[in-house]
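Take a look at the structure below. This short report walks through a few of its parts.

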Amino acid sequence: MSDDRFLVLIVEEDRGLCLDLSATLLDAGCQVQCLRTGEANYQAIRQLAPDLVILDISMPESAGLDTLRRLEVHRSTKKIPVIATSRQAELEYELLDAFDFLPKPIDRRRLLEDVALLKANRHEHGLGYSPMNEEELALFQDYLLTHSGLHFDQSNIKILERGLQRRMRAIGAKDYVAYFHYLDRYGENRQEQKKLLGLLTVGETYFFRYLAHFDALIHHVLPELIVRNRTRRSLRIWSAGCSTGEEPYTLAMLLCEHFPLLADWDVQILGTDINKVALRRAHEGSYGPRALRVTDAVFREKYFQRVGSAYVVDTRIRDMVRFAYLNLQTGAFPSADNGTGEVDILFCRNVMIYFRLGTTRRIVEKFSRCLSPGSFLFLGHAETLINISDRFQRQHQAGGFYYQLRDARTADKPPALPCLPPPVATFRPPPRSPQPSLPVPPPACPLPADVPSTPDLQELFVRAEQEFNRENFRTASQGYDTILRHMPRHVGAMVGKGFILANEGFYEQALDVCTQALAVDDLRPEVYFLRGLICELQNDLEGAVSEYRKALLLDMEFIMPHYNLSKVFWRLGRPRDARRELNNTVRLLEKTADEAIIPHSGGLSRAVFLEVCRDDAGQLGKQP
């Protein structure tokens with residue numbers, strides 16, 4: 001074969017593409033050969049050694065996708081560029097290792113443009129790639145920060161390199177600079193930017209994540225909004241950074257379950273994300289058992305259908321949610337056109353941990369303009385508006401916290417509202433949050449008649465701790481209370497109760513619990529960590545440093561005191577100390593099991609916590 005040939009191999013179930021495209025490709029100077037599915041085995045493709053494969057992936061029984069996967073993984077064929085085609089246009093963002101995706105009917109201009117690009121780079125495609133140097137990193141840093149708000153530096157360069165190299169290999173870029181020019185040129189008109197972002201963003205979520213937030217919605221937020229909006233009879237909810245859709249679907253289920261009076265309201269639930277692949281999965285509404293790991297069995301039976309090993313969200317719930325692509329860094333919001341104006345409830349949880357401080361401030365300021373006065377913003381438990389915005393009032397309810405937009409017209413406190421009938425609860429309504437109280441009851445308090453006289457306290461404590469780590473504080477608190485009725489000197493239950501009180505803003509009661517716990521056992525590092533946390537929340541930073549250090553003197557492997565010390569040192573203007581403690585945090589996290597939830601971290605998994613630390617490291621790296 002001559003080096004000047006450019007052989008295009010068309011693989012499909014019938015000969016439709018072959019008949020349709022051959023003349024166009026021949027006119028462009030290509031050689032064309034066609035194979036039908038049964039002939040398109042790996043050996044045949046390898047022997048032909050085409051310069052391009054056009055593959056119909058809509059062939060029966062996933063034959064097209066199977067062929068694509070085999071081409072991608074085998075050493076002799078993975079360098080062959082593949083243009084995938086299908087009538088399912090949404091598959092474009094699933095097939096990120098293909099050179100291009102052309103929906104049917106195929107755009108001939110785009111096809112010829114692809115051929116021209118491949119001809120120009122045909123001798124460079126498939127080369128190995130070395131690690132990025134400083135100049136190459138700087139190119140993508142600026143681009144990604146400008147276009148997505150995502151920040152990358154040496155601390156998370158491996159994530160960036162993996163994503164870049166997959167797209168570089170797919171399009172045949174010879175090096176990072178060549179790919180940067182491709183990205184800069186085709187970021188929008190060939191959707192290259194969205195394809196790359198699909199490889200750089202990490203989403204970890206599940207249904208009913210942070211139960212305390214949903215308890216607050218049921219008992220405080222939604223009743224208030226229903227009264228406030230009763231005249232216009234509308235409700236707007238936005239889940240920003242919804243990933244694969246578990247959060248907006250959870251909100252739809254709660255509305256159906258607890259507020260049937262909204263059935264004739266204009267209710268809109270919007271889920272947006274920057275990751276097209278995640279959005280496609282959200283649209284499908286099909287999830288594995290892990291996504292439902294804290295979902296009550298009754299919700300599973302009522303709002304999901306079991307299809308094989310998957311759980312598919314019921315159609316009536318899916319119809320309540322609209323998903324759309326939105327880049328929080330560059331997208332237009334607030335806007336009535338995309339549903340981000342006059343929002344009543346805005347969820348943006350565990351999203352801004354990926355942004356730098358300046359980006360976070362800009363986004364939160366825009367959020368404040370999306371929300372109606374007195375409306376609500378829910379962030380992740382590891383996220384705070386301290387030093388971010390003073391336009392929101394922090395609220396504590398149901399063992400968790402959220403933010404309410406200050407109403408400039410009526411001062412800080414919303415007007416008194418008429419009494420609303422309690423929400424309908426056809427399924428196990430969570431009770432209202434317990435009133436704060438000291439965890440140690442009077443010894444003479446009689447036990448309820450239906451409580452066993454000698455419950456297994458160890459088992460009860462394990463369950464309470466599990467609920468605490470899932471941030472189901474109401475159930476955890478009930479467990480601790482039961483334990484303390486039987487064993488008032490149970491330090492573990494005291495500590496758990498103390499954290500819950502502190503999280504609700506009852507600092508004095510929480511400190512009293514610490515004092516009682518230390519009277520029983522003054523060698524418990526968790527107690528000193530809790531005291532440090534309370535000091536920090538009360539802006540006593542030196543006191544926080546002292547307490548966190550006491551915790552570490554007792555247990556140097558305790559992750560959270562290291563991390564909190566890093567944050568406090570940062571606030572105190574001591575970047576060297578902050579870096580040291582952040583490095584200690586990362587070192588301990590890297591020794592932790594992959595699936596572990598880090599105790600006292602607000603429910604963060606090891607993987608997400610490492611991302612948070614890398615982001616922090618990037619910001620600390622700018623400190624002198």
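## Nonpolar cores

A nonpolar core is a set of buried Ala, Val, Leu, Ile, Met, Phe, Trp, Tyr and Cys residues joined through side-chain atoms within 4.5 Å. This model is predicted. Its largest nonpolar core has 69 residues. Those with the most contacts inside this core are Phe-140, Tyr-179, Trp-238, Leu-328, Leu-346 and Phe-367.

Take Tyr-179. Leaving out residues up to four places away in sequence, Tyr-179 touches Phe-140, Leu-164, Arg-167, Met-168, Ile-171, Ala-173, Glu-192 and Leu-196. Another core, of 54 residues, lies apart from the largest one. Its members include Leu-457, Phe-468, Phe-499 and Cys-613.

## Helix α19

Helix α19 covers residues 525-537. At 1.5 Å a residue, its 13 residues should span 18 Å. The C-alpha atoms at its ends are 18 Å apart, so the model agrees.

Which residues of α19 are buried? They are Pro-525, Val-527, Tyr-528, Phe-529, Leu-530, Gly-532, Ile-534, Cys-535 and Glu-536. These buried residues pack against four helices: α17 (491-503), α18 (507-520), α20 (541-554) and α21 (559-571). After α19 comes Asn-539, with a positive phi near 65°.

## A three-stranded sheet

Three strands form an open sheet in the order β8-β10-β9. Their pairing is antiparallel. The edges are β8 (286-287) and β9 (304-307). Each has a single partner strand, so one side of each lacks a neighbour in the sheet.

Two bridges join β8 to β10 (residues 310-313). In one of the pairings, Ser-286 has Val-312 of β10 as its bridge partner.

How values were computed: Residues are numbered from 1 along each chain as its sequence is written. This is a predicted model: local features need pLDDT of at least 70, side-chain atom pairs count only at pLDDT 80 or more; totals for chains, interfaces and linings use all residues. Side-chain values use heavy atoms; hydrogens and water are left out. The expected span of a helix is 1.5 Å times one less than its number of residues. Buried means under 20% relative accessible area, exposed over 50%, partly exposed in between (1.4 Å probe, protein chains only). Contact means heavy atoms within 4.5 Å. Two strands pair if DSSP finds at least two bridges between them.
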